[in-house]
Amino acid sequence: MRKGLNALAFGAILISGCGGGSNGESLLAAPSPADTVSPIVTPSPTPSTAPSATPSPTPEPTLVPVAPADGALLSYDTGFTVMHVRNADYEGQSVIVAASYEGTVIAMNYDGEVLWSNPLSGYMVRDLWAGDLDNDGIDEILAALSDGSIHALQLVSGDAFWQAPFKVNDVPMNAVTTVRSDNGTYVAAGGFDKNMYYLSATGELLNTIESSTYSTLEPWGNDRFFLGREIGKAHTANFLRPIPQADGTDHLLMLGTQNHMQSAGELFEFDTMALSPLAIYDVPFHRPIGHMNVVDSNKDGRYRVLLGSSELSNQRGIAVNLGDGGSQYHDLKGIGRTGYRVTQAETIPDGNSYLHLFLAGTHIVLLPANFDESNKETIAGNYAYNDMWRDRISGRILLASAQSGGSAIHILNTEHAGWKTAFSELEPPGKIQTMKQNFASARQQLTNFTKPQHERAPDPVYLTAADSNHEVAQRLLNAGHSSPVFMSSERTGVRWNQVEDPSWQSDPLTGIANEAYRNREDTRMDYSLTREQAIESYTGDLNNNDNGGVVYWAGHGNDPYYYAPETHMAIIDNTFAQNKGTVMIWPEMAGHDDDFPYVLDHLIYPVAMHAQTRKGKIVLRSKDVFFASTPYLHDWERLLSGEFKNVFVSSMEETTDKTQDISLAGRLGLWSSGVMDDWGMRCSRDNPSFDRSRQHSYQRILNHFLRTTVYSLAYGASYTQNTYTDADTMSFVWELVASGALYVPRREEIVSFNPVHISITEPDERYITDASSNKVTTYFDAEDQANNPMVFGRMNATWMGAAPTEWDYSSYASGVKERRQEFIPPFEQGMVLLTPVQRGKHKAVSTYRKNITNYLHPLYSSILTEHISNGRDYIDHSSDTTYAANSDYYKEVASDIEAGAKQIPITVSGGVGWVVAQTDPTHLRLTLVDSGYLNPSNMTAKVQFNTVNPVSINDLLSGEEFAIDNDGNVDISIPLGLFRFIDIEIDQTL
């Protein structure tokens, strides 16, 4: 944090800049260069993602001119991935305040100077607000964090206004605002604990209002019950905003909801400090709301609420009148259907009236005050943005960083004639440009790459959703590369969603005997094909040598029976007859109810048996912690036994998931222990959307998918399904695999597994249920939570973005900071696998699967340490004795992991993604990845050599050589948005 900015100096800084620079040029704030220079490009340095106890210094900004659109648009690189943007009032002057992905709050003036930054507690800022708490004409900044805290900061310095943040528990605090009363200004806040809190201007708790005392909302269907408890009427605060009153006080408006995926909720209007609402308003929508804004568009004191949906394809802008509850809405059309988006709503002046401005994805839609759609105007841009805010003083539109990992704040002047053109042509400075430059440089470096002679030829990697007609694919195929293998998902003569007519299901001999699954339907599918048509649509045109066979959706958790078992078998036979393979995908297959064993015995296992000798694969694309839980149930024992190890492939549908580290360790654990011979990964447009009420997930640069794929393949994944992707970006992965630059190891080559593995026995029901309860936000119960510590905990929807407990696997094993988007988890002490039990009373006996040491690198033959868990507790090897998750037992596990890290050749700290594989007796391949999924940054990997001595360390793309320091270690910088492939020669055979 910059110190020494007293009020007078701060005001001078604000006044000195008019927001445009000379000759219409904007000013770009770029911090001074980092000490470590990237070998590819030197971007503007980005802040550390590690939280600190006190505010960190901000370098004096260097002002660099950029070319704006003649004053219509200003773009400033902040160095931070900005998620929230607001304006604050400094005695009538406007200051921009923002919150970053990693939880840092910053202040910036209109000349682009970052005045200060404060990392707070280092957790996700879920809401940001500015209001004058002490009535001195200068706003304070309020931040609601996912660790349950609320921070109040001084605008002038960024120091704490409250000496200690307000916090009653660890449940995320989701909304915060200020409201004025006759007695001064108060703070209102609400979180996933279902309460609303009133705080004094100095942060003292004045009142707690439980939503159950007045709520009209409750879960429906099976969601009414959670772990034996019936969930009654209650809600969580999605948004809180003041409603100004004629007498200078405010009412408080809350948008309350009980389900962040399927419900808009209702609007509750309170008098200040009231215990129950004055009025309740319906929302004319039945899906999540991602934005709320209270406006007096006509300047007549009659306030309206503008709401924006948070949806994939049904974007809607809504206006609700406060008072009579009347509403208008507009279904935004013509803006595409290819990403999860939040619609944000504002009003801007239009002569004597105003326009509604809706920002949805990459588009702005303008509608007149009366919502007359015949006068609608649509403006297409290049990027989507993490937030939009209309400055209450200047009237300008503030845009947070581009959702593709940008770092700029953009200021749009809608009263300038050129603003629409400026928006449509906007190219953000900062991280976006650095990311593009780094990508281009790395791709150019690949053209000079030669695979080291000591490395074997690449094993096949199967691309189940890649465009084999793309120029890069054709070039690789024509060159005769055996990897990657392009699988065909094209169909002949039918639509993608046409599946088999279900009339076969009623056949008394070959139909479905189980009523729960007979005649189920997935509403997305058209059940219209005869069996012959279905078979022909997949296998009728496979003479093309450009593909490795057929890939198709075989069913879904909603309906596993898109086709009869006999239809699958015929598709497998026809494909095999042409010497090609069949990949059948079952998304969201997580069944473990009383009826699901029928599906396994009647459908899944018979098809698996048929596929075993016919190049058939069954990809279970499941959710949550499926591969660290459900396969360990009795019903799935044939899968766990390894009987079908050459058929089953694990993959994930990580929509709304917050447990990617557990999923990854579970998939790797099944693969490394012989349950499956292959494992897989998936990237798609819904992966970044872990909170459906905040679906700012319309990335236009797919760098997050690129790095996730590289990291997964570097850990041995051999099946990818990357959909809704940009082939020009993802084809780089194809080139890396084909050339051998990206080394895809076999399981016996990997030496970055920690010797400690946690084996899963019959999983506790609470473990499975908690992880899969992703929708309802009202499940939190303080007493229940305190009485049930979990080895894998805080996974349901009430913990979105929250910190795991210190005794949680994610804390002590994977090193994950929060339940958010850890697709590239650090595992700084080595990957701690989740496996079947290998010894003792709880061993999973199998005639098909050997001991785990038969599949791992030989170094693990004598150093493995096993602990056992059912997901809830730890369990003794030789008895049924259990140890609570928060007992001292977890410290023993953590201690073993720490000791085990010293027994593997290399460990890497710095929060990066990393994998080590042995490529020949004296060479190791180290893959390093920028782990900032949506928050890319320049990172430094601190490589520690434990049991080996390096002779040489070289980057295989850039050619850079590294020297170890006096402690025998080396620091390697990772360019923003990229990865590095390091060859290490060691002085003796491993």
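In which sense do strand 6 (residues 105-108) and strand 7 pair, and over how many bridges? The legends below take up this pairing and several others in a predicted model.

**View 1. The hairpin of strand 6 and strand 7 in the predicted model.** Strand 6 (residues 105-108) and strand 7 (residues 114-118) are paired in the antiparallel sense, over four bridges, and together they form a hairpin that has five residues between the two strands. Within this turn lies Gly 112, whose phi is positive, at about 90°. Across the pair, Ala 107 stands opposite Trp 116, a residue of strand 7. Strand 7 is mostly covered, with five of its five residues buried.

**View 2. Strand 28 and its partners, strand 27 and strand 29.** Strand 28 (residues 363-368) is mostly covered, six of its six residues being buried. In a regular strand the side chains alternate between the two faces of the sheet. Strand 27 (residues 353-360) runs antiparallel to strand 28 and is joined to it by six bridges, with His 356 standing opposite Leu 367 of strand 28. These two strands form a hairpin with two residues between them, and Gly 361 in the turn has a positive phi of about 60°. Strand 29 (residues 377-380) also runs antiparallel to strand 28, to which it is joined by four bridges; here His 363 stands opposite Ala 380 of strand 29.

**View 3. The open sheet with the strand order 3-32-31-30.** Four strands make up this open sheet, and their pairing is antiparallel. Its edge strands are strand 3 (73-77) and strand 30 (388-390), each of which pairs on one side only. On average, and with direction ignored, neighbouring strands of the sheet are turned by 20° against each other.

**View 4. The open sheet with the strand order 18-19-20-21.** This open sheet is formed by four strands with antiparallel pairing. Strand 18 (236-244) and strand 21 (279-282) stand at its edges and have a single partner strand each, so one side of each is left without a neighbour in the sheet. Neighbouring strands are turned by 25° against each other on average, with direction ignored. Strand 18 and strand 19 (residues 250-257) run antiparallel and are joined by eight bridges; the bridge partner of Arg 241 in strand 19 is Leu 253.

**View 5. The packing of helix 3 against helix 11.** Helix 3 (residues 431-446) and helix 11 (residues 727-739) pack at an angle of about 30°, and their axes lie 11 Å apart. Because angles under 35 degrees count as roughly parallel, helix 3 and helix 11 are roughly parallel to each other. Helix 3 passes helix 11 in a left-handed crossing. The contact is made by Phe 439, Ala 442, Arg 443 and Leu 446 on the side of helix 3, and by Asp 728, Thr 729, Ser 731, Phe 732, Glu 735, Leu 736 and Ser 739 on the side of helix 11. Sorted by class, this contact comprises five nonpolar, three polar and three charged residues.

How values were computed. Residues numbered from 1 in each chain as written. Predicted model: local features only at pLDDT ≥ 70, side-chain atom pairs only at ≥ 80, totals over all residues. Heavy atoms only, no water. Buried < 20%, exposed > 50% of the residue type's maximum accessible area, 1.4 Å probe, protein only. Pairing = 2+ DSSP bridges. Axes fitted to C-alpha atoms, helices over the stretch in contact; angles between N-to-C directions. Parallel < 35°, antiparallel > 145°, perpendicular 65-115°, else oblique. Left-handed = near helix turned anticlockwise from the far one by under 90°. Contact = heavy atoms within 4.5 Å. Nonpolar A, V, L, I, M, F, W, Y, C, P; charged D, E, K, R; others polar.
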